[in-house]
Every structure is written in C-alpha cells, then in structure tokens.
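Me: I have a model open and would like to go through its overall build before setting anything up. Could you take me through it?

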Amino acid sequence: MENITRGGQFLVKETLAENIFTPEDFSEEQKMMRDSVKEFVDRKIWANKERFEKKDYAFTEECMKEAGELGFLGVAVPEAYGGLGMGFVSTMLTCDYISGATGSFSTAFGAHTGIGTMPITLYGTEEQKLKYVPKLASGEWFGSYCLTEPGAGSDANSGKTKAELSADGKSYKINGQKMWISNAGFCHLMIVFARIENDKNITGFIVEYDAANANGITLGEEEHKLGIRASSTRQVFFNDTIVPVENMLGGRGEGFKIAMNALNVGRIKLAAACLDSQRRLLTKAVNYANERMQFNTPIANFGAIRSKIADLATNAYIGESASYRAAGDIENRINARLADGNSHQEAELKGVEEFAIECSILKVAVSEDVQHCTDEGIQIFGGMGFSEDTPMESAWRDARISRIYEGTNEINRMLTVGMLIKKAMKGHVDLLGPAMKVGEELMGIPDFSTPDYSELFAEEKELLVKLKKAFLMVAGSAVQKYGTELDQHQQLLMAAADMLIEIYMAESGILRTEKLVKNIGEANATEQIAMAKLYLYQAVDIIYTKGKEGIVSFAQEDEQRMMLMGLRRFTKYNNQPNVIALKEIIASKVVNENKYCF
C-alpha cells in the first residue's frame, strides 16, 4: 500500500507520467461503455433537448427509466446488489458521457446514482443493501437525498429536522423541512438527515416514499429555476413520518460523516459531469464558426475567434486529464485496499476519502471551465447564441448550478487547503519539511547556470517544481503566522487554493501529454503539447497574481520583500512560450476537424 500515491502528495512528490491514468488508457470494455452511453444520449436526450427546456419532468423520468434498463444506473453498484460492479474509472466515464446534453438529465442521474444510491451501498447494512439497492440500480425506484434546509446550506450539520424514538423503541418519528431536493417529484426513496434529541451530529435514515401512502410526507411545488429546468426540485416536508429503527443509515450521529463522504464522491463526479458538455459545446461552436460568413470569410478564420476556440479546447483537455488522473488514483487505492482484505464498502469509502483534496480541486476547476465554455460559446454564436434556437443559451443557464451544488466553489476552495493542512498535521503528507527547504532556498544564492532544456517539457517540469515551492512558501508562512486560526482568514485561503488548483491541473495536462508522446511520438501530439504548454503559461500568471495577493496581505517589510522576490523567482520562465503561436496550433486542428478532437 505504501508505494501507492496518497491524496495531496502531488505537491511534494514527483509524479511520473507512466503512473497516471489518462483517457488514452481506456480499456476495450470502457470504450464500449462510452459508445453505448453516447448512443443513448444522442438518440434520447440531445434529440429532445427542447422537452427538457419546457419542464417536461415526465420525460426526465422516462429517460431515467431507460438509463436503468440499459444498466447505466448500476455501473458503480456491486454485482451482488444487481449492478454491473465496474471500477471507479468506468463510473466516472459513464457520468462524463451521460451528462453532456442537458443539465436537467445529468442532475437527475447524478442525484440518483451518487448521493441517492451510494450512501446505502457504502454505509448500509446487508439487509438494507439487499432490500433497496437492486431497485435503485435497475431504475425500478429512484432515489433522492434530503440534506439541505432553509437554514442549513453550507453549514450542513446545523439542520433542525428532528427524529424522535417511539415509546416502544421500534420506530423514529421525523419532523422537519428540506429544500432543493433533486428528484423529489418522482423518487421512491429518500435519504433523510435528522437530529436525534440534542446530538452534536445529525443521523441518516432511509425513508420510503409512496405518494398514495404518504406517511406524513408532503412535497412543495416544483421550483422555478434559472437552469436544469426539467430536473425535479422540490421542498419536502415531514410531519410525524414514521421510519422503522432498522432504517437508520450507519450509526447514530454518523449522518454528518455520511453526508461529507457522499459529497467527496459527488464532487469528482460533478467534475466528470462537466466534461462532455464542453466537448459538445465546443464542437457546436466550431461548426457554427466554420459556417458563419462575415466579410466574405468564415468567422473561424478570425484570430479573435480562434483564440477562444484554442482556450476552450485546452480547458476541456486539461479537465479530462486531471479528472481521469484522480479517478485512476482512487481506483488504484480501492483495489489496493480490496487486496488487503477490506470490504467493498470500506475500500470505496477510504479510497475516495484519501483523494478528497483532489475531488474538491476538480469540482472547482471543471465547473468554472464549463461555465466559461458556455459563455464563450454564446459569444462565438454572437446574437444567435442569445436565442433559444441554439443550444448555447440553455447550456449557459444549466452550467451555473455546478458552481453551487456539492458544496459551493468557495467552500471547496477553502476545503482544499484546509484538508491539506490537516493531512500534514496527521503526517500523511510532509509539507513542513519541503516548506522549510523553500525558506532556506530563499536565503541562498540563486542558481544562474544555463539548464539543458533539450528534452520535451524539461523547462515546464522545472517550472512546476518551482510553482509548488511558491505555494509552499505562501501556505507555509500563512500557517506559521496564523496556526489553527488560519480558517478565519478566508480570503487568504482562497488565494492559496487557486495556486493549488492551478498546479494540479497544469501538472495533469503535462503528465498526460508526456505519456501520450511516449506512445505515439512527438510529431503526432503537436496540438496536445501546445495545450499543455498554453495551460501552464496561463496557470503561472494566476499563481503569481494569487501568491502576490497573499504575500502583500499578511507579510510586512523585509519578509514581504523576500517572499515577493521568491515568488518572482518561482514563477519565472527562462524561455517564454509564444502564446499566439500555441493557440494557432490548437485552433487550426480543431477548426479543420470541425469538432473537439482530442
């Protein structure tokens, strides 16, 4: 186990390209799964896009039923409970390709397979799993997840919903109100979080729902939302709802832990759910740019448009690289635990929990990229992009929620750094040693020798090492200065988080491309090399800006001067890339192929 990557270690340990999983590594089985998902989405979902925009909730349910019949709802469910029992990467892959056509369906799918089913497979007793999971895996039943309340959003553990044990000790009575409940309108099962007496932490319950025999459960009207219009979102009210004691999920007071771990998986899946929409939307934008004539030439020939196309392709490629890198690491961790004799539940839980930092990084990065993609997509379409007749307008509205649910991006930014520091305190990741070394390096004389950059990515990899030092310098000094009070300094945490996110994303792109080049040769990967270099160039600027913001806000005088000097040194290229030339390489390929083609 010990030689397997740990979460957060990418900061302090070199990762070798051959040790990461990339989309080029999909097995034949995974490619078949991807193709069957794409066929379903093109035929059933993309072809009926306007039905989702018209709030056709029944059609969302119909699509979910068909997804169940095709086995897509049970990819992650063990075979013992009626699922396909495929690995973590295959689960990511299904989630990725099933989510590209409309946010309405991808929300229904994600809420059902992720937070609606998974808590039972991961925390349920054998009886609970045998009773409920096969129905959920087949799509006979749909699940929902009742955590958020009017007063308890980001602070999920502050919910007021109560569960009271009956006098005969056989059941609990649940009273309270939940809001923003996805799938509420057509679910048969709810995972409900409530507080028993004055417990510090909430407890989870499996609650069956049957509209004919409502058991004190009433639903509010469908919410009118900016986007994801055909995903059923309602308030749920519990009035003396009776739940048998054997339907408690996990132990008493374990609800908060269940909720948080379900969100870890939800976060990386949300990143996956934002990938295929980028591929599809970029393809639509390029199709349009190739057809739209202005000044007697297709707008795809204009540099201003080509720059956008290059950026969108790069973000999609890097998002894929980082998402599947983390998915591969999680799957390896799960397999190692299974080999060590852990149960499926334990292995999955610990495997994902280990990479909670990466899950939060991905959630933030990819949800922001998909929003940018829809926004630039509208821009490439010009006035037509603002019309409901083109797919950009609804995509733009749908993308907006992804920065809010599964923990807002602000919460997730703070979590990335907070969890990293916790790991360091536990001795799981040695941050202190490397941070001290950076301090010593700043006092020393810089190396002025001319390095040898003849090998591909030699300079980029050296720069990545320096960017990690920049993060360690800023975060290390902040921890020294504020200690356990650091979480009170949210703006500083956010700046450090942006540095961390860019390091992980940029490194993932370079490692994927390096692995690809080893397999197909440099000449056949010109555009991928350009994307990896372009992303890093942009990441360096963000890291410099955010690092500076942190340093000038918490350091003074000599310390500040010293750290700013260090930051400049750690973000300095010896040979700046030609950014416009890189964009032109990428755009030419995408425009000529008339689609996202990597």
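This is a predicted model: local features need pLDDT of at least 70, side-chain atom pairs count only at pLDDT 80 or more; totals for chains, interfaces and linings use all residues.

Me: What does the secondary structure of the protein come to?

Reply: The protein has 19 helices and ten strands. Its radius of gyration is 25 Å, close to the 25 Å from the globule rule for 598 residues, so the protein is as compact as a globular protein of that length.

Me: And what does the C-alpha trace span along its principal axes?
Reply: The span is about 80 × 60 × 45 Å.

Me: How many of the residues are buried, as a percentage?
Reply: Of the 598 residues, 57% are buried. As for contacts with a separation of 6 or more, 78% of them come from residues 24 or more positions apart.

Me: Where do the charges sit on average, positive versus negative?
Reply: There are 66 positive and 82 negative charges, and their mean positions are 2 Å apart.

Me: Now the cysteines. How many disulfides are there?
Reply: The count is zero. C63 is in no disulfide, and the nearest cysteine sulfur, that of C95, is 16 Å away. C187 is likewise in no disulfide, with the nearest cysteine sulfur, that of C146, 6.7 Å away.

Me: Is C187 buried or exposed?
Reply: C187 is buried, because its relative accessible area is 4%, under the 20% cut-off. C63 is also buried, with a relative accessible area of 0%.

How values were computed:
Residues are numbered from 1 along each chain as its sequence is written. Side-chain values use heavy atoms; hydrogens and water are left out. Helices (H or I, at least four residues) and strands (E, at least two) are DSSP runs, numbered from the N terminus. The radius of gyration is taken over C-alpha atoms; the globule rule is 2.2 Å times the number of residues to the power 0.38. Buried means under 20% relative accessible area, exposed over 50%, partly exposed in between (1.4 Å probe, protein chains only). Contact means heavy atoms within 4.5 Å. Lys and Arg count as positive and Asp and Glu as negative; His and the chain ends are not counted. The place of a charge is taken as NZ of Lys, CZ of Arg, CG of Asp or CD of Glu. A disulfide is a pair of cysteine sulfur atoms within 2.5 Å.
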